[in-house]
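Please find below a colleague's note on the structure. It is written as numbered points for a reader new to such models.

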2 protein chains.
Amino acid sequence: MAQPNSELTIRPARESDTGAIWEILEPIIRAGEVFAIPREISQEDAIASWTGNDRKTFVAIFEGQIVGTYYLRTNQAGGGSHVTNCGYATSTKARGRGVARQMCLHSLELARSSGFKAMQFNFVVSTNEVAVRLWKALGFEVVGILPGAFAHPGIGYVDALVMFQKL
Amino acid sequence: MAQPNSELTIRPARESDTGAIWEILEPIIRAGEVFAIPREISQEDAIASWTGNDRKTFVAIFEGQIVGTYYLRTNQAGGGSHVTNCGYATSTKARGRGVARQMCLHSLELARSSGFKAMQFNFVVSTNEVAVRLWKALGFEVVGILPGAFAHPGIGYVDALVMFQKL
């Protein structure tokens, strides 16, 4: 049976988590295969964006280590503000342990309890098959296909998906 | 035959155009039927966004009056930066004169000459039928439908469309 300390804990990010968040984001951003974020972005700009005032940012902790991080924000203002948007990142060292799944479930619960009526992912790179499969398993549908909208460093232009789930 | 001064001129927006741009935007934003912008936004915030450093903003002039404005920006950063995004607004006093069509054609030409490979509209309110028809006539396809993603003040939740055109 799993011990309490081998379970994943998710809590709001703190100022002191910045270094750990950057350790997770940096290799993913530098590889440039899944996020529409400039590959050469500075740590300062990346952290400012990921933990900005327009969103709530969380960290996922496993055995005392920060192994994942996600944010939740309003996707569109005004008449679009009942739809939320999230971004997730899992440490390359902690893949395959259900970290992204737990973070997404956490975000869906937070979104519901915050009164959001839907969650939208604006730009899921289609070659990120693990993510696409996971989001589908968690109730998201592909509602849009953006043809060739992402320049993958290894493959070239690939589609990006718009995924959506009513809450 | 049309006189030169009865044709539409489109040029980059200047600091001194701010008042005229706000005169166009204010009634559209306050009505809240087509833009995902807070209805109660201040003039300062609206102008800061519409003419921000992340975009190029233009005005359309007819018979000496600013009758329309649009912006062009990069839609997504990093691997998504070959796709541009625009927003257009026509004065309520100048509807039906092809102002939006001329602005869109101008933006498509600018996008091509700037090296963008596609143009994407992220959030076209489906009940904005004049716009949807015009964008289709100008080559855009609906590549995504966001179910109930816009709270229309008169109708309730309506779909928003993702429209896309390769350049």
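1. The model is predicted.

2. How many residues of each chain take part in the contact? In chain A there are 28, and they are in contact with 27 residues of chain B. Strands E5 (118-125), E6 (141-152) and E7 (156-166) of chain A each give two or more residues to the side that touches chain B. The most come from E6(A), which gives 10 residues. Sorted by class, this side of chain A has 17 nonpolar, 10 polar and one charged residues.

3. Two packed helices are described by the angle between their axes and the distance between the axes. In chain B, helix H1 (residues 18-31) and helix H2 (residues 43-50) pack at an angle of about 105 degrees, and their axes are 10 Å apart. Because angles of 65 to 115 degrees count as roughly perpendicular, H1(B) is roughly perpendicular to H2(B).

4. Which residues make this helix contact? H1(B) contributes B:Thr18, B:Ile21, B:Trp22, B:Leu25 and B:Ile29, while H2(B) contributes B:Gln43, B:Ala46, B:Ile47 and B:Trp50. Seven of the residues in this contact are nonpolar, two are polar and none is charged.

How values were computed
Residues numbered from 1 in each chain as written. Chains lettered and ligands numbered in written order. Predicted model: local features only at pLDDT ≥ 70, side-chain atom pairs only at ≥ 80, totals over all residues. Contact = placed C-beta atoms within 7 Å. Helix = DSSP H or I, 4+ residues; strand = E, 2+ residues; numbered from the N terminus. Nonpolar A, V, L, I, M, F, W, Y, C, P; charged D, E, K, R; others polar. Axes fitted to C-alpha atoms, helices over the stretch in contact; angles between N-to-C directions. Parallel < 35°, antiparallel > 145°, perpendicular 65-115°, else oblique.
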